Amino acid sequence: MRDILDPISKWWDAGETFGLATVVRTFSSAPREPGAAMAVSADGEAVGSVSGGCVEGAVYELSGEVRRTGQPVLQTYGVSDDDAFAVGLTCGGIIDIFVEPVARDSFPELGEVAAAVRAGEPVALATVIAGPGQVGARRLIWPESDQRALRESSGPLGSGARLDQAVDDDARGMLAQGLTAVRRYGPDGERRGDELSVFVQSFAPPPRMLVFGAIDFAAAVARAGKFLGYRVTVCDARPVFATRRRFPDADEVVTDWPHRYLAGQDVDQRTVICVLTHDPKFDVPLLEVALRTPAGYIGAMGSRRTHDDRLARLREVGMSEDELARLRSPIGLDLGARTPEETAVAIAAELIQLRWGGSGQPLTATTGRIHHG
């Protein structure tokens, strides 16, 4: 929903009723991930995508029907033997799509979701999509550290507080990891039950990419990072190089000693750290801090000789072998990259591989499923 938030917020603000279709579950080689959404307005305008084109027509028609009837629907789409190109997924995957009517009075939570996303504040939206409860019931979940978590902003999801508590606990854990998925419960929140399906959509702030070293390669990496959905910061100690003009694609450009800046940042498991400084006086103290953070990716640019020298220097300052094993150096996948743009693609490819577990080999040289995870 994040990708189509602006247009659907305008419809919502104007008091229009529209159909909202959201991918809630996928199997095999599904083209879009849970959370992908498409909306259809009262006058037939469509925004967003749930399948990259395979079943958009059928979902468009269903969205219009749901808007007119006011009744939400959970629909499964897979390969259709008789008419695959018309209503089936030609990729061979299967997706579950929840289609619901949306209006200010029926979906008041949309306003709070939109405000939180625009402010970069984390929030989760839980929706009952199947089971003995009220299908379409929703509940906003804020992190426990947020004062809004102390009040009932929406809900309940069912007949008892136990279900709400179970969903709140799970949703907060998912929100911390940026996960969106279906969770199953018993009617009263029993975790061993599966009668009730609840779709938890996490609206976590974009993960951060911290790029150190204000060089031409950093400008290309910043562009690639924005393309992949990261909030990008470029940091360098030299003010003549760390300028907004040189890095227009970065969300922020910081002039500070890299290790000092990083030590003052909140780093989580979704954070990406790219060390492009290529200078021991910057690299070593920076990596000494970086490798002791929970960052999910820490890469450093340089030749094999630079890498060996860097490891020796890091060992001299007391870094353990387990800590050094987290370092991805030389940075990026082996694509034969030479230019800044090609190097940025190699780094982006390694990030995608790390996220989804691909082999990095040409698809023509592999067998089995294309999509991992």
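**Patch, burial and contacts**

Me: What makes Asp188, Glu190, Asp194 and Glu195 a patch of negative charge on the surface?

Reply: In this predicted model, Asp188, Glu190, Asp194 and Glu195 gather in such a patch, and Asp and Glu count as negative. A patch is made of residues with over 30% relative accessible area and no salt bridge, like charges being joined within 9 Å; a salt bridge would be a side-chain nitrogen of Lys or Arg within 4 Å of a carboxyl oxygen of Asp or Glu. Local features need pLDDT of at least 70 and side-chain atom pairs count only at pLDDT 80 or more, whereas totals for chains, interfaces and linings use all residues. Residues are numbered from 1 along each chain as its sequence is written, and side-chain values use heavy atoms, with hydrogens and water left out.

Me: Why is Glu195 called partly exposed?

Reply: Buried means under 20% relative accessible area, exposed over 50%, and partly exposed in between (1.4 Å probe, protein chains only). Glu195 has a relative accessible area of 44%, so it is partly exposed; Glu195 sits in the loop between strand E8 (181–185) and strand E9 (196–203).

Me: Why does Ser197 count as buried?

Reply: Ser197, which belongs to strand E9, has a relative accessibility of 3% and therefore counts as buried. Beyond its neighbours within four places in sequence, Ser197 is in contact (heavy atoms within 4.5 Å) with residues including Arg25, Thr127 and Val182.

Me: Why is Leu287 buried?

Reply: Leu287 in helix H8 (residues 280–290) has 0% relative accessibility, and therefore counts as buried. Residues up to four places away in sequence aside, Leu287 touches Val275, Ile298, Ala300, Arg310, Leu314, Met319 and Leu327.

Methods
Patches are made of residues with over 30% relative accessible area and no salt bridge: like charges are joined within 9 Å, nonpolar side chains (Val, Leu, Ile, Met, Phe, Trp, Tyr) within 5 Å. Accessible areas come from the Shrake-Rupley method with a 1.4 Å probe; for residues, only the protein chains shown count as cover. The place of a charge is taken as NZ of Lys, CZ of Arg, CG of Asp or CD of Glu. Helices (H or I, at least four residues) and strands (E, at least two) are DSSP runs, numbered from the N terminus.
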